[in-house]
Protein chains: 2
Amino acid sequence: MEVIRSNFKDNLSKVYEAIEEADFLAIDGEFSGISDGPSVSALTNGFDTPEERYQKLKKHSMDFLLFQFGLCTFKYDHTEEKYIMKSFNFYIFPKPFNRSSPDVKFVCQSSSIDFLANQGFDFNKVFRNGIPYLNQEEERQLREQYDEKRSQANGAGSLSYISPNATKCPVVIPEDQKKIIDKIVEQIEEFLKNEENESLELEPCTGFQRKLIYQTLSWKYPKGIHVETLESDKKERYIVISKVDEEERKRREQQKQAKEQEELNDAVGFSRVVHAIANSGKLVIGHNMLLDVMHTIHQFYCPLPDDLSEFKEVTSCVFPRLLDTKLMASTQPFKDIINNTSLAELEKRLKEVPFSPPKVESAEGFPSYDTASEQLHEAGYDAYITGLCFISMANFLGSFLSPPKNHVSARSKLIEPFFNKLFLMRVMDIPYLNLQGPDLQPKRDHVLHVTFPKEWKTSDLYQLFSAFGNIQVSWIDDTSAFVSLSQPEQVQIAVNTSRYAESYRIQTYAEYVEKKHEEKRAKRKCTEDSWKEMERKRLKTQGSPYISQSRYYCINRFPLSTIFLPWNSSWQAGV
Amino acid sequence: MEVIRSNFKDNLSKVYEAIEEADFLAIDGEFSGISDGPSVSALTNGFDTPEERYQKLKKHSMDFLLFQFGLCTFKYDHTEEKYIMKSFNFYIFPKPFNRSSPDVKFVCQSSSIDFLANQGFDFNKVFRNGIPYLNQEEERQLREQYDEKRSQANGAGSLSYISPNATKCPVVIPEDQKKIIDKIVEQIEEFLKNEENESLELEPCTGFQRKLIYQTLSWKYPKGIHVETLESDKKERYIVISKVDEEERKRREQQKQAKEQEELNDAVGFSRVVHAIANSGKLVIGHNMLLDVMHTIHQFYCPLPDDLSEFKEVTSCVFPRLLDTKLMASTQPFKDIINNTSLAELEKRLKEVPFSPPKVESAEGFPSYDTASEQLHEAGYDAYITGLCFISMANFLGSFLSPPKNHVSARSKLIEPFFNKLFLMRVMDIPYLNLQGPDLQPKRDHVLHVTFPKEWKTSDLYQLFSAFGNIQVSWIDDTSAFVSLSQPEQVQIAVNTSRYAESYRIQTYAEYVEKKHEEKRAKRKCTEDSWKEMERKRLKTQGSPYISQSRYYCINRFPLSTIFLPWNSSWQAGV
């Protein structure tokens, strides 16, 4: 089912229901680009550590837009012995919803756009009819804006107009504004005396003037009038005052609040779907899904944290149970019988012996995908076949049981070993990112780190190491690369012979790691020192207790135990 | 006429002809965004100097894509006393043309995209069928790539595989590759002996191996065989060898070169249109065209230079004669009779007394635009009505002559005062950027520069200056603004009274400018010192004369007298 801005609200309950009843969910995202760095190969060095890979993706991939989100829900029908699936293909676009809303800038990578264009991707649907979204901080800010507007209408004054030195009190009316305000009060006195008119439109004025008017009227006329701001065709804002009794005033107030709540919901938009997925606690399947997970969190929850360990924490809240079909297919017992783990090839392979094609039907009222006429790189389709792959592989595990089982559910112990491990693209010796604990630390005693002039090519490295037999080169950047030798014993020989070289430098992998850690420590110390210095200066000049608080806030940017509480009631049960 | 990738080549000669015969040209661009800075208002401070404005636009507007370019050519028909116009609406997209071509990343601003979406803009046409382009440096590099490939095929060896220490000589075949190469030579010997087969396909191999094969074959078999690289369906590259006599070999070589030239032309794509405009030396009209000019140069010529003065030099080469209709309409004798200079309003106003609607018809075979059903923000339409505005205003100038003239041509002395002055948006006291010389330097002795805590709003500034009557606030950023007082005499009073203030700081505009210059001088000195230091170190370690050359190249990035020579023959005559 295609979900765009115009049919989103009408279909949201269908989406919620599908998630709620599902045994597992499959997701996929399409992005406006992959890497804003020099090249994708520079992004994926064969000897990246998981931390390094995370940092690179965070730095070079997060400015792109996730503009299509595929969600496919799978529910097992025990009587019919088949899965019933519901597939949703969401188009996403951060359409600004009002004048003060975030004006998101996102990057497009020509090659990615061209690739999607060749697949028939409909960009008009994204840009004209994409569903908006807000992350948690933006949602909080918008909620505050509404609260503020309301308290302003109630005469409580608004924070944003108050200078930091003032306490929370109404604005003093500046000399040059007094006349205008007095004149408006006169106008209103006249209007209240006169029984003919039910409402009075004031001239359009500035936001500051509106603030002064609201403030003045709320203490001059706490009852008997209703004040609201409207916008003219010319986008000018003006105040309308109407006579109301207390009951009518309350009714209007409630109406307005309901409307505001709806506007807020509209603005949160697609994020509500992601919240529902998170709240469900259901198993979420993806294929090579690290980027999908990172983008989903970055776009709909919060900017990605600085460290991998914090990212793991956030992920465990948003997606408590993940399974990556590319990692599953690259692991025993599948590894030896599956040659190509790209999604399209995997889906084909898993229909053949020793696997069996899964029995899946679309639910009533949901369109079905035909795997014979591939619609690859439509997010909804990719999510669908990712689900198919998972079912085939899970069922295959059942054949090892005695007696063998044809159906292995998403809750089976058999698939638990694959939970929360995300495939790491093109890393030679670390198969996955472990979301549930520390990552694997392979021995890299056959690896050298080489620095050289930027004119060097791979062939220069082959020449340099021609005495050492087969080597493998993994470029880091223009002037450095990892070179792995076939024998660890050769490592020291290479380092020794290079000692007097002028144009290049060779060190062992261990030396390289040590130096990097040292640099990090030095940098952290530097930041800490400059922080202390800054804090010393600020305390000296301002002496406010606010500052130390703000630091605390900064460090604990993810109070994970509480941040997801508002919509978290059903989550604990799901884990 | 709509011009997209698929009909670009077929229509290029029409475009050339239209430019060649025109009396003047009108242009307009649509971009994927305006400002990646905090807000557009921060981009356009009322007291920006032209240099500051240029720097801001360069920093905050150039990462967007100019993805629609409107060109409308106007030719006067003296017998019929009317203009004949040809309008072109080009869709532009940097589609990568091969694996080593630049993979352009560009930014989209949601509000701009949403705005265009509401105007019915067709994003699919841009991304699926936009015309590619190259700037001059990219064109040069691509040309070099072809030359290199050719010389590689001819066995001269290729620079890119040679380390900086080596002279231009063939690569030494590494030990581990020798066997493979020897085997291939054997294969070829066999193939040459055997009279049955006309061609031999080698196994797919790496780029480095292909290089070794080309090199080996070119000295082993300088005659009698033709070697070329093809790509399989699986995108694997493999070498095909065929038996040819000398004549056939030359014919194939020429065919290949012609094909390469065509590929190069295709890649240069839309830039060829911009080159033709530049070469024509014709008067180019735009409405509020500073951003259009900057984007056009940035995207199709070269990254924008660091200084405004250099930008003026480059612009004078690309667009020797420009005229901005917004500036024209804001200048006497138009200023007093034109209230609204926005393009749509201006076009309407200029149909009415004392102006006369211009007589313009589309050329045969060209669709006509109807100004009654506005198609605003389609670049071709905007260029068209910009041209209409120019004609009306130019003709109006003729009414001041005695005897009055109904038609004033684009070559008339009457319009020369408006040449090469670009409208400056929202600058209070400098109407235009002067491309032909130094800019106006208005007295700003009634202006103050104020620094304050980031929580301050405009109302805080009004309060602070409440004793000084009417003020105007121009925000610079979160913590500073220009405040202009109505009386220059008040400036010193304000500075004096603020001397002991803690939360804010006030200085005169002159003091602000002086401090800024000082900082710039200090920064430049710093850069120069670190440069000297770097050069000293590099000379010490490498001792190569190459370095001082590279510095020279860097400073003279725009050898303007020569850079446009290749397609410059007709240009001088046009000036």
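Guide: Buried means under 20% relative accessible area, exposed over 50%, and partly exposed in between (1.4 Å probe, protein chains only). This is a predicted model, where local features need pLDDT of at least 70, side-chain atom pairs count only at pLDDT 80 or more, and totals for chains, interfaces and linings use all residues. Residues are numbered from 1 along each chain as its sequence is written, chains are lettered from A and ligands numbered from 1 in the order written, and side-chain values use heavy atoms, with hydrogens and water left out.

Visitor: How does Lys95(B) count at 23% relative accessibility?

Guide: Lys95(B) sits in the loop between strand S4 (82–91) and strand S5 (105–109) of chain B. Strands (E, at least two residues) and helices (H or I, at least four) are DSSP runs, numbered from the N terminus. With a relative accessibility of 23%, Lys95(B) counts as partly exposed.

Visitor: Which residues does Lys95(B) touch, not counting residues up to four places away in sequence?

Guide: Contact means heavy atoms within 4.5 Å. Lys95(B) and Met1(B) are 94 residues apart along the chain, and their C-alpha atoms are separated by 22 Å. Leaving out residues up to four places away in sequence, the residues that Lys95(B) touches are Asp114(A), Asn118(A), Arg5(B) and Pro132(B).

Visitor: Why do the copies meet through the same surface?

Guide: Look at the interface residues of chain B. The copies meet through the same surface because the share of these residues that are also interface residues in chain A is 96%.

Visitor: How far apart are the closest N and O atoms of Arg140(A) and Glu137(A)?

Guide: A salt bridge is a side-chain nitrogen of Lys or Arg within 4 Å of a carboxyl oxygen of Asp or Glu. Arg140(A) and Glu137(A) are three residues apart in helix H6 (residues 136–153) of chain A, so about one helical turn separates them. Arg140(A) is partly exposed at 37%, and Glu137(A) is partly exposed at 31%. Their salt bridge has its closest N and O atoms apart by 2.6 Å.

Visitor: Is Glu347(A) buried or exposed?

Guide: Glu347(A) forms a salt bridge with Lys351(A), at 3.3 Å between the closest N and O atoms. Lys351(A) is partly exposed, with a relative accessible area of 37%. Glu347(A) has a relative accessible area of 5%, which makes it buried.

Visitor: How many salt bridges does the structure hold over all chains?

Guide: One of them joins Lys413(A) and Glu416(A), at 3.7 Å from N to O. Lys413(A) is exposed at 66%, while Glu416(A) is partly exposed at 35%. Glu2(A), Asp122(A) and Lys125(A) are linked in a network of salt bridges. Over all chains the number is 56.

Visitor: Which residues of the largest nonpolar core touch the most other members?

Guide: A nonpolar core is a set of buried Ala, Val, Leu, Ile, Met, Phe, Trp, Tyr and Cys residues joined through side-chain atoms within 4.5 Å. Beyond four places in sequence, the contacts of Leu71(B) include Val15(B), Phe90(B) and Val273(B). The largest core has 136 residues, and those touching the most other members are Leu71(A), Phe90(A), Phe311(A), Leu71(B), Phe90(B) and Phe311(B).
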